[in-house]
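User: I'd like to go through this model piece by piece. Can you take my questions as they come?

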Amino acid sequence: MLILECPYCGVKAEETELSPGGEAHLKRFGPGSSDADFEAYMFARKNPKGVHFERWRHAYGCGKWFLAARCTATLEVFGTYPAQTSEPPAEIIANIMAKRPAWKGFK
Amino acid sequence: MKRYSVFAIAREALNFHQGWERAWKSPAPKASYDAIIVGAGGHGLATAHYLGKNHGIRNVAIIEKGWLGGGNTGRNTTIIRSNYLQDSSAAIYEKARSLYETLSQDLNYNVMFSPRGVMMLAQTHHEVRGYLRTAHANSLQGVQTEFISPQRVKELCPIMNIDGPRYPVLGALWQPRGGTGRHDAVAWGYARACSDMGMDIIQQCEVTGVRSENGKVTGVETTKGFIGTKKLGIVVAGHSGQVADMAGFRLPVESMALQALVSEPIKPCMDVVVMANTVHGYMSQSDKGEMVIGGGTDGFNNYTQRGSFQHVEETLRALIETFPMLSRLKMLRQWGGIVDMTGDRSPIISKTPLGNCFINCGWGTGGFKAIPGSGWAMADLMAKGEPGPLAAEFDMWRFREGRFIDESVAAGVAH
Amino acid sequence: MSTRLKSGGRLIDRSASLEFTFNGKRLKGYAGDTLAAALLANDQMLVGRSFKYHRPRGIVASGAEEPNALVNLGSGARLEPNQRATTTEVFDGLQATSQNHWPSLEHDVGVLNNYAARFLPAGFYYKTFIHPRAAWKHVFEPIIRQSAGLGRAPKDRDADRYEQAYGFADLLVAGGGIAGLQAALVAARAGARVWIVEQTAVWGGRAPVDGDVIDGMPAATWVDAAVTELASLPNVTLRVRTMAAGVYDHGYVLLDEKVADHTPGDGRPKHRLWRMRVGRIINATGAIERPLSFAGNDIPGVMLASAVRDYVVNWAVSPGDRTVVVTNNDDGYRTAITLKEAGMDVPCVIDARVRADGALPARARGLGIRVETGRGIAKVKGGKRVEGIEMCLQAGEGAASSFIACDAVAMSGGWSPVVHLWSHCGGKLTWDDAHAFFRPDATRPPITHDGSAMVYAAGAANGALHEALADATHRAKIALQSLGMTAETATAPAHDLPEESPMEAVWIMPQGAPIALKAKMWLDYQNDVKVSDVQLAAREGYESVEHTKRYTTLGMATDQGKLSNINGLAVLAGSLNTEIPLVGTTTFRPPYTPVTLGALAGEARGEIFQPLRKTPMHDWHEKNGAYFEPVGYWRRPYCFPRAGETHEQAVHREVLNTRSNVGLLDASTLGKIIVKGPDAGRFLDMLYTGVMSTLPIGKCRYGLMCNEQGFLSDDGVVARIDEDTWLCHTTSGGADRIHGWMEDWLQCEWWDWQVFTANVTEQYAQVAVVGPKARKVLEKLGGMDVSKEAVPFMGWADGTLGGFPVRVYRISFSGELSYEIAVPASHGAAFWAACVAAGAEFGAMPYGTEGLHVMRAEKGFIMIGDETDGTVIPQDLGLDWAISKKKADFLGKRGQERSFLASADRWKLVGFETLDGSVIADGAYIIDAGVNANNQRKVQGRVTSTYHSPTLGRGIAMGLLRHGPVRMGEVVEFTKLDGSTVKAKVVNAVFYDKDGEKQNV
């Protein structure tokens, strides 16, 4: 039963207030893109056993989508941040590096 | 190997059963094999079994990082059915179901296949139409199902409340030859048969890398050293993404927790399997008397084999509404398994970018019932290098083409 | 025999006598008794039969670990199977019956299994019942199921109710023994919000029974003082009869409070399920004594040593007149001392250790008790009750040295910390060789959301059997520190305990026991798993502890192995010639003890099983006999049957009346989303396949939405309200989903676009006035011009009707002249009533969703969920006209370019008419010639909507057919469920008013 802090309203949101939205920071490929790029955008998922960047919506709260960095093996949360970014903020990365020195990085 | 029978038991009883041999051997790995299967769950062991039985390939190792049958094979709710909508699904699940019919005899190991009948309740008009569609499809696929009335539902399952105030039962899709099996026994039975054919089951051996040259796998790095192979089959369910990553390709797979629970045992009160999709719950009674209960998956990526309580709660609400007598039973144990969900929620049995490497994964919430058929089709693929008709549609390139095998379309449930 | 002692009993009130029944026999007990204590007081040692061999079973323990004493409690709508007698408080009128026997507890036919036990070792069923094939399902399985199963299945709906509640705390202390109380005191004094829960009705745990002295006072006095202080603090919540069932991630804990188990029918909820969110958890759940494995250790009268003294001290019940104590540690001597001091006979203490020179053995010897060291029990004699034991050398093979008559045996194999809560979320254990138990490894705790430790084990649960108070103080301090609080000055009370000599692990008694004895040594009493079974599993290669557990069923009974697991592990390790820690443990899963399903489900039952959404007109529909169908959480009228009408007849009447006069539809559930802002047009052009930015103000346009795969996901009419405002209608089931979808794209992809959305579905009630006389009804209501010129087809206008503020949309889903009229939800019921009244003279009748479906099918309009199923693209449905060719991009465009979706061979929408006028079956497929590679009949299409058209008087259908539109006039065959087929002609999907004249008048 996760708790994730909504970076918009500041509420420590209970899992039942949230809807999960899958992997974060996917780049959309539209018309004109290659089959491989479009397939990767739609289906290829990192699905790591470890640090995962993911989308959540504070659906039964403020309604905002936000992003979280979370360990899928321990459910530890490294931080949450607004969705309006194409990559994780530096402080989230730093926090992960501090706690998971062996982590290979975001890319 | 000593055959199992009532006479063998009687003979051994005289000596307090001290004469039984190992069900499977515990060998050290050889330097190389004709084929290596990664993953000694039901699907991996069945693949090895049919490699030997159907294709004569017996120089095989099955490598398991934990103990055999310890993943989803030993954590599911043991439902066996084949009343799927899409042709390719119905074909492989029905193949599996028909193999289950004789599996105890084939393996000389009682897997307790119990074709007690599976019913999927229709509780909205939309669901009625969906299950009617499945019934029509099944009639053309050679899968024996029928759509039955609420009264027939009540006769088959007297403890059910068919007149609930919110979702009265409007009918059900009934598969009389569906049922349950003993999940552990399926893995153990296949393991014993594989070992008997001279295959090596290597437990407590984790694959740490996949070695390849010129687009072909040459072997696997493991915690017990490098093991060479001519062919590699990856059959590791929730950890498919990890092993695929070692082999250098990505899968359209995400790993999530699926939870189940059992009640304390009670005397027999339910002789069918019931699935209720509108309200999200399914239930059967085990031979020990426990009510075996499952629901939907948690929605986020998870490798912990633990789930969130709200899903258990939702499932129990649904089932108590459907079976009021459950209310005073007690939950004995709850657990989770890690299921590998693909983009269309249907499995992958496929060649890979590596020429002699094959993958079988993505069974999601429905893997147990497929084990014999999945192993049969995967063995065929590994032996011939090309998929047979059972596996043909389940290739991993279907996502690029948009060629979905979507079972959710007709009120179907994937469990 | 077991009896009530003349005096004593710290928990019973001898002035409050209670009557209860066991198997119909009327028995007496006292307030404060557990059912187990009261049964023993009445010399009812035999309480049930085991699962597999149906052996006689007596009470073994005194708490939650009890494997044997399970009863059917109550009857009818209050029947509760498998209720543990040791944790059931006796109340007046309690009814209990024993389980798993036929015809009676004393004479059970199932005991035949016992005589055949030799032929039924672990896993025997895997090796037999294989032939003949049908016999498993029809012969063997029914027999096995009938003989297993324990308790009776309830038949009735539960008469009780359950409650759920939320709680929050900095620190939750699970366990109300002295360690838990001390931890709570430390935390409470430091100002933390503390919850402390105790599963029994009594605070204090074992210490008061064992006569501990704390701070110079008897433990019971210290406990009273601690509870008094805690109760006086505003930051502390205390709950007895409350079991911490499970620890879940991020500090989520489930507590099961047994509110009215002991006062059934008093109107209170039976249980209250607490859903806690806590900062830290102190696991102070104590330890459980282990049995010893000697032959016949399952015969009624063989009990845990600690349980024997619990019964004597707490309830003044002596389980036997002559009790032999068998032990491998000093603690067992406490039982001998307690019994002797209560005036009972203790013929002998049998100590497996070679030396017994601690303080407690000395006291026992001082009381004149015979102590035999280096000895063990070779065999217990007796059937339904212990008659005596044969003593032997522990180091030998079981040759009896002497027989000692007794009617009870108290055994102590050492203690195991209760580590369940520590382990539920992955806390790791370490093997403690000195005490021969697993205890929490503080360096590998379960972690919470920020990666810090979530659970701290304290006291006996942490392995600190003798320093519980010091350990609890220490752990509470660390836990507080991790919460940013401090309790630096807290000190542990002085805890005076006699010195104890080291225990000695004894897993098999005697050490060299032959197989014949091992086949009589029980590990799991309920499931009948013996030492020989675990050894068999190991021999056959079931070497993993999980394999052994599953093969033998060790630890899978309703006590989940609380007594058997460690002993079983040790036997397995011995069989494999390895160390216990290398074998490892099975996984601990919630709940700690079984929790009633009703409590887990809570109040959501019957009508309130799920949320119910009602339109403002819902009450009118109910009063007017609507037959409802669920649509999401909504309930919509399916039809309004009149007296004597079937639903089908009602639907036909509603359709015909709407087509000839006028019909009224409650369309309030239709999704309504306002999209507003400078970039709203651009946004909608991405969302819909068509162009919405060019829609003139005052006009409506039909639109399709696809997901990124390209599959059709929703449809509806969009109205342009003003320069930067659009109103998007969605399907009834789709409003929330589509609103979420819009927000997803706005927030996560196009976050620089200036657009607001608002889901106003419930802000408006909507009434469709449909039929050739629709305009007359509106004119009768009056207030605005509703002429073709003022409100043309696919236009909208604001105004008033009958005094109500309305927005009128000229849109039609039936092909008739149709107005959809939105009013503020607060006016919905009144406006509906006004429409009904105004329509009366024109023959207006309400119609439901099925009439709506029939009419739209007659017109060839698609319905999301019928024509679509998540695999259909708009092009399949001939909706190419609603897809912009000019737009560079829209959601789903790229997906539709994929080869399978762009294929020329897709199934496409057409209409069908059966040659015989019949209605094609719902779900029917169109067969094709031959079979595929899997021997399945080939198909070339399927029906998507099929109805009897009352307007046309025959069956009509829409469906998907390979190359459909170019095959007009062809005859195809649809399946029927009886195995036959029906022939139908491929026709245009528009069956009624093909040119659309009727809606545009």
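**Strands, domains and contacts**

Analyst: To begin, B:V274 has B:M283 as its bridge partner in β14(B). Strands β13 (residues 273–276) and β14 (residues 281–285) of chain B pair in the antiparallel sense over 3 bridges. Two strands count as paired if DSSP finds at least two bridges between them, and strands (E, at least two residues) and helices (H or I, at least four) are DSSP runs numbered from the N terminus. The model is predicted: local features need pLDDT of at least 70 and side-chain atom pairs count only at pLDDT 80 or more, while totals for chains, interfaces and linings use all residues. Residues are numbered from 1 along each chain as its sequence is written, with chains lettered from A and ligands numbered from 1 in the order in which they are written.

User: Which strands form the open sheet of 9, and in what order?

Analyst: The order is β5(B)-β6(B)-β4(B)-β13(B)-β14(B)-β15(B)-β12(B)-β16(B)-β34(C), with mixed pairing. Its edge strands, each pairing on one side only, are β5 (146–148) of chain B and β34 of chain C.

User: How many bridges hold β16(B) to β34 of chain C?

Analyst: β16(B) and β34 (residues 595–596) of chain C are joined by 2 bridges in the antiparallel sense. B:K330 stands opposite C:T596 there.

User: What does the whole contact between chain B and chain C take in?

Analyst: It takes 89 residues from chain B and 96 residues from chain C, where a contact is two C-beta atoms, placed from the backbone, within 7 Å. On the chain B side, α1 (6–13), α3, α4 (103–107), α5 (125–141), α7 (183–196), α9 (309–322) and β16 (330–342) each supply at least two residues. α5(B) gives the most, with 11 residues. By class, the chain B side divides into 43 nonpolar, 26 polar and 20 charged residues. Ala, Val, Leu, Ile, Met, Phe, Trp, Tyr, Cys and Pro count as nonpolar, Asp, Glu, Lys and Arg as charged, and the others, Gly among them, as polar.

User: And chain A, how many of its residues are in contact with chain C?

Analyst: 23 residues of chain A are in contact with 22 residues of chain C. α1 (35–42) and β4 (51–57) of chain A are the elements that give two or more residues to the chain A side. That side has 12 nonpolar, 5 polar and 6 charged residues.

User: Back to chain B. What are its domains?

Analyst: Domain 1 is 21–82 + 84–109 + 183–251 + 344–410, and domain 2 is 118–178 + 255–342; the bounds come from an automatic or database domain assignment. Their centres, taken over C-alpha atoms, are separated by 27 Å. Between them, 30 residues of domain 1 of chain B are in contact with 28 residues of domain 2 of chain B.

User: Which element gives the most on the domain 1 side?

Analyst: α3(B) does, with 5 residues. The elements supplying at least two residues each are β3 (79–80), α3 (87–101) and α8 (240–247) of chain B. The domain 1 side has 11 nonpolar, 12 polar and 7 charged residues.

User: Now β2 of chain B: which residues lie on each side of it?

Analyst: B:V60 and B:I62 are on one side of β2 (residues 60–63), B:A61 and B:I63 on the other, and all are buried. Buried means 20 or more other C-beta atoms within 10 Å of the residue's own, with C-beta atoms placed from the backbone; exposed means 12 or fewer, and partly exposed is in between.

User: Why the two sides?

Analyst: Because in a regular strand the side chains alternate between the two faces of the sheet.

User: What does β2(B) run parallel to?

Analyst: β1 (residues 32–38) of chain B is joined to β2(B) by 4 bridges, running parallel, and B:I36 has B:A61 as its bridge partner. From β1(B) the chain crosses through helix α2 (residues 42–55) to β2(B) in a right-handed β-α-β crossover, i.e. with the strands pointing away from the viewer, the path from the first strand over the helix to the second runs clockwise. β2(B) is also joined by 3 bridges to β8 (residues 200–202) of chain B, again parallel, with B:I63 opposite B:I202.
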